[in-house]
Amino acid sequence: MSDGSRVASAVQLLSPEGERVPHGRYEITLRDSELRELYRDMVLVRRLDTEATALQRQGELGLWASSLGQEAAQVGSARCLRPTDFAFPTYRDHGVTWSRGVQPLEILAMFRGVTNGGWDPIERGCAIYTIVIGNQALHAAGYAMGVHLDGSDDAVIAYFGDGATDEGDVNEAFVFGSVFNAPVVFFCQNNQWAISQPRERRNPGLIHERAAGFGFPGVLVDGNDILAVMAVTREALERARSGGGPTLVEAYTYRMAAHTTSDDPTRYRHAEELEIWRLRDPIERLKVFLARQGIADRHYFDQIDHEANELAVFVRDGVRAMVEPSAGSMFDHVYAESHPLLDEQRRRLRDYEASFVEELSP
Amino acid sequence: MTTMTMAKALNSGLRKAMERDSKVVMLGEDIGRLGGVFRITDGLQKDFGEHRVMDSPLAESGIVGAAVGLAMRGYRPVVEIQFDGFVYPAFDQIVSQVAKMHRRTEGTVRMPIVIRIPFGGGIGAVEHHSESPEAYFAHTAGLRVLCPSDPQAAYATIQQAIACDDPVVYFEPKRRYWDKGEVDEGFDALDTGGSADPWRARVLQVGTDVTVACYGPMVRTCIDAARASTEASVEVIDLQSLSPLDIDTVAASVERTGRLVVVHEAAANVGLGAEIAARVTERCFYELEAPVLRVTGYDTPYPASRLEEHFLPDLDRVLDAVDRAMAY
Ligand SMILES: Cc1ncc(C[n+]2csc(CCOP(=O)(O)OP(=O)(O)O)c2C)c(N)n1
Ligand SMILES: [Mg+2]
């Protein structure tokens, strides 16, 4: 069972009970307003996620990959980025895209099946979701090589899961990042599961320890502790900006939901595991901390809940109102320059569909 | 005879192959405890053990590369690629090693590997879960390519593929997994005197005016079209083996009908339809009453799911091609 006992050796600044704990190496000081913002982000991302799951159940989305339980890892790390930095997320990283300013309906469009993308990566400083496991890690390494060539102090962050560390692409990205001393942070969310495969039973090696073999530092952080995630990610981004090359961050967290809405986790994991991890909930622990420190009060929390409900209504209505793509749009942007054979196919489809309209009209 | 889904028929065929030969081993992502995301290997790990039905790391090049080594050690690996769009990390191992090892070793080493790939669209999936990459593999010398279209064919051909001493890329039409059909589980697929030759095309519907050649997910669509056709009498051929292609069966039909329409979900450009058209034209030039026509997916990436009904050939598009062939 993945009871998360290994989290004991991870960097932690906020205990599951919401107590600030000292750490010899990592610290972080945030303004009260920043702390409240982090709480707000996590609550809204969770509400977006819950609403998307409901919309999938109602047939409004084809699929949904839930970020439930991983809000601190995603929001905490992505909130450390500057606007000119660049993030490469997976299909599950809604807290990352949210933090990059990707709009909620842009996030949901791909899952509804109206597009394969959803937003302009350059405008948002955030690539579209990559579904093929591990591919984006190499894109991040290459983007960072470009940043390096430009002599810029921007930084790049690559997101991937624990399962993805099996893939050649992720390991090749480590090699490229290292060889070219690229300003990239490899941010692995070890959520304990790759569909039905439990991380620790299958592969007892610790992911962040691999970094040493590739020639850069690796850090294990409590991925449900947003303060620790930020402290560790900030330092890694700083190292990247200042010419220190890559860092591998292993954020130790848990996939609280099914792999996707198509999955049935009762076939492979125990409910007790969920109970253990529920006590480590990332939002609850920040909330307790904020309340105890008098940084936020009941009134503030109510206000955020209210905002979350408004977000849910906005998302629900927005998804239902999404414009259906036209058949002809299939042919758009396959090539950047005109392609005569494809243009002809597009014309033929148009004529073919028009022939039905003629048949139907009296 | 038992009525079962194609998913169950494949499961049953795999089970039979494992019972018959202890050298048959399986490797794939989530195939053990979960039984695969489509449950095709459901129960096999429980019954044959973790040493024979192995949950692999999440690494497709690793899966196929390891299968090469297992084959060299005398095993008959059956590997599962979770979805069509995830076979590409393994493309190098398949094309450079699996396909060529027998020849590179001057015939001393065989590669009795089966690479199972659920393929094709029509299930409303997100990107990379609906592709039809069969032409890449049919194009590669050294690989055989099979594609069943109904439960009985699936039950028989999966066993035949495993028994074959050449590597077989085995495409399972995922949107037909839940279609039911009659399966004769007493049928001995490996009885060489038997009637079921996996490398032969099958005439599933006899007709006199137009031959429609198809495979996998399109077979049901084409049979429905043939039944719906009022103007023309349509003969439907299920190719089943995409490499080698059974051109004899197709040509014999076209010699009678004089017209051929090839249907597949994959894009037209440099696809199987083009190969079949070229070969049939060479063989039947004087019998042809019309050019060979193709009904295919478009030469675009597989679109987002809300557009897939426009992309996928359907009954109307098949009938439209039949009409056009008749009109020549
Ligand atoms: C190359 C490739 N192979 C297989 C899959 C199917 N698949 C989707 S998610 C997944 C597990 C990923 O696990 P992990 O990297 O831990 O990320 P998580 O889903 O847990 O966030 C698999 C096998 C895929 N998307 N891409
Ligand atoms: Mg995981």
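User: Is Thr90(A) buried or exposed?

Analyst: Thr90(A) is buried, because its relative accessible area is 8% and the cut-off for buried is under 20%. Keep in mind that this is a predicted model.

User: Where does Thr90(A) lie in chain A?

Analyst: Thr90(A) sits in a loop.

User: How far apart are Thr90(A) and Glu310(A)?

Analyst: In sequence, 220 residues apart. In space, the C-alpha to C-alpha distance is 26 Å.

User: Now the ligand. Where does ligand 1 lie?

Analyst: Ligand 1 lies between chains A and B. It is surrounded by 20 residues. The closest are Tyr91(A), Arg92(A), Gly163(A), Trp193(A) and Glu60(B).

User: Which polar atoms lie by the oxygen atoms of ligand 1?

Analyst: A backbone N or O atom of Gly163(A) is 2.8 Å from a ligand 1 oxygen. For Trp193(A), a polar backbone atom is 2.8 Å from an oxygen of ligand 1. Asn191(A) uses its side chain: a polar atom there lies 2.9 Å from a ligand 1 oxygen.

User: On to sheets. How do strands of a sheet pair?

Analyst: They pair through backbone hydrogen bonds, either parallel or antiparallel. In chain B, an open sheet of seven strands shows mixed pairing. The strand order is 3-2-4-5-7-6-12.

User: Which strands stand at the edges, and why is one side of each left without a neighbour?

Analyst: Strand 3 (53–55) and strand 12 (241–243) of chain B. Each has a single partner strand, so one side has no neighbour in the sheet. From one strand to the next, the twist averages 20 degrees.

User: In which sense do strand 2 and strand 4 of chain B pair?

Analyst: Parallel, over five bridges. Strand 2 covers residues 24–28 and strand 4 covers residues 76–80. One bridge joins Val25(B) to Pro77(B).

User: Which strands does helix 1 of chain B touch?

Analyst: Helix 1 (residues 6–20) packs on the sheet, touching strand 2, strand 3, strand 4, strand 5 (114–119) and strand 7 (168–173) of chain B. Its direction makes about 135 degrees with that of strand 2 of chain B.

User: What confidence values come with the prediction?

Analyst: Chain B has a mean pLDDT of 97, with 99% of its residues at 70 or more. For the complex, the predictor gives an ipTM of 0.95 and a pTM of 0.97.

Notes: Residues numbered from 1 in each chain as written. Chains lettered and ligands numbered in written order. Predicted model: local features only at pLDDT ≥ 70, side-chain atom pairs only at ≥ 80, totals over all residues. Heavy atoms only, no water. pLDDT = per-residue confidence, 0-100. Helix = DSSP H or I, 4+ residues; strand = E, 2+ residues; numbered from the N terminus. Buried < 20%, exposed > 50% of the residue type's maximum accessible area, 1.4 Å probe, protein only. Pairing = 2+ DSSP bridges. Axes fitted to C-alpha atoms, helices over the stretch in contact; angles between N-to-C directions. Contact = heavy atoms within 4.5 Å. Near = heavy atom within 4 Å. Polar contact = N/O pair within 3.5 Å; in protein donor to acceptor, adjacent residues only side chain to side chain.
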